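Hi,

Here is the structure I promised to pass on to you. Have a look at it first, and then read my notes below.

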Amino acid sequence: MKLLWGGSPEPPHNKTLVRYRTHACPVADKFFEKNGFLRIEKPFSPTGTPIDYLQPKPLFRMITLNNVSKYYPAGFGKTYVLRNVNLTIDQGEFVSIMGPSGSGKSTLLHILGLLEEPSEGEYLFLDEPVHRLSEKKRTELHRNHIGFVFQAYHLIDELTVYENIETPLLYKGVSTSERKSRVADVLDRFGIVAKKDLFPTQLSGGQQQLVGIARALVAQPKVIFADEPTGNLHSEQAREIMELFQKLNQSDGVTIVQVTHSETNAEYGNRTVKLRDGWLEPKEAVV
Ligand SMILES: Nc1ncnc2c1ncn2[C@@H]1O[C@H](COP(=O)(O)OP(=O)(O)O)[C@@H](O)[C@H]1O
Ligand SMILES: [Mg+2]
């Protein structure tokens, strides 16, 4: 049986509970459903006050892709990378995207992260029709809500580790003192304080990956898109990153969408979707 956390067995209505847990009650021992309510056994509210019955909170849709395709011109025709992808993700979900190399995973994640545009189809992010927004507005949405971990790190070579991590906070207009404390906090959390004045080229691949993840988290985004975030880490570091993602998801309600080749990593999420030659499985109905 898969453990959720703190020894809780997987409940019968996993989907509702995972979301419910994220939004309402980070600390509880046991769940079951009764008359449409979720009962929490040995319950605690985040402040320590016992809660008896809690009604599930409404879910908020974060992402809707309707028939999204991406293609590139090839000779007189087109090469499709994504084909009619329909996908919905609610706030508080932790979704894993899997699929063979070249199946379109990075392209899909870049579209979700507002870094690339689909060739066809609609994308709604937090109810905003991304496909109709100006580039300026898309950049603003990205900066304010999204943390992106790139497959190839994309650190700025001319900036130190400290400055790379600070960048999203500068764009967001965070004050100097707040920036200092937040960067110090993630440097510490990732065990890279000693590397703060080095440049990316002076780091190993694994260290660069950690800096890339730290940079994605520092601005406390609503959603994290992570493209094979542990691909270059040894298994102990990979486990720590997955546990950190799980904690952010369960305790802080951060939505997470990760691309991974690892079944172990995928199991940290509450749902896996698969890409094959640009087709998404399981197919979702358009809502
Ligand atoms: N700019 C581009 N022009 C043409 N083909 C591209 C471009 N970017 C990606 N592709 C192709 O799209 C396919 C999917 O790429 P990608 O999304 O990176 O896959 P994955 O992350 O699953 O390995 C690959 O076959 C790749 O060659
Ligand atoms: Mg990729």
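Helix 2 (residues 105-112) gives three residues to the shell around ligand 1, the largest share. Please keep in mind as you look that this is a predicted model. The residues that surround ligand 1 are Tyr72, Val81, Gly99, Ser101, Gly102, Ser103, Gly104, Lys105, Ser106 and Thr107. Sorted by class, seven residues of this shell are polar, two are nonpolar and one is charged.

In general, strands of a sheet pair through backbone hydrogen bonds, and they can do so parallel or antiparallel.

How many bridges join strand 7 to strand 8? There are two, and strand 7 covers residues 120-125. You can find one of the partners yourself: Leu124 is bridged to Pro129 in strand 8.

Finally, a word on confidence. The chain has a mean pLDDT of 83, with 78% of its residues at 70 or more. Residues 1-45, however, have a pLDDT below 50, and in the model this stretch makes 70 contacts beyond near neighbours in sequence. Over residues 48-57 the pLDDT also stays under 50, and here the model has 20 contacts beyond four places in sequence. Where pLDDT is low, predicted coordinates should not be read in detail.

Enjoy exploring!

Best wishes

Methods:
Residues are numbered from 1 along each chain as its sequence is written. Chains are lettered from A and ligands numbered from 1 in the order in which they are written. This is a predicted model: local features need pLDDT of at least 70, side-chain atom pairs count only at pLDDT 80 or more; totals for chains, interfaces and linings use all residues. Two strands pair if DSSP finds at least two bridges between them. Helices (H or I, at least four residues) and strands (E, at least two) are DSSP runs, numbered from the N terminus. A residue is near a molecule or strand if its C-beta atom, placed from the backbone, lies within 6 Å of it. Ala, Val, Leu, Ile, Met, Phe, Trp, Tyr, Cys and Pro count as nonpolar, Asp, Glu, Lys and Arg as charged, and the others, Gly among them, as polar. pLDDT is the predictor's confidence in each residue, from 0 to 100. Two residues are in contact if their C-beta atoms, placed from the backbone, lie within 7 Å.
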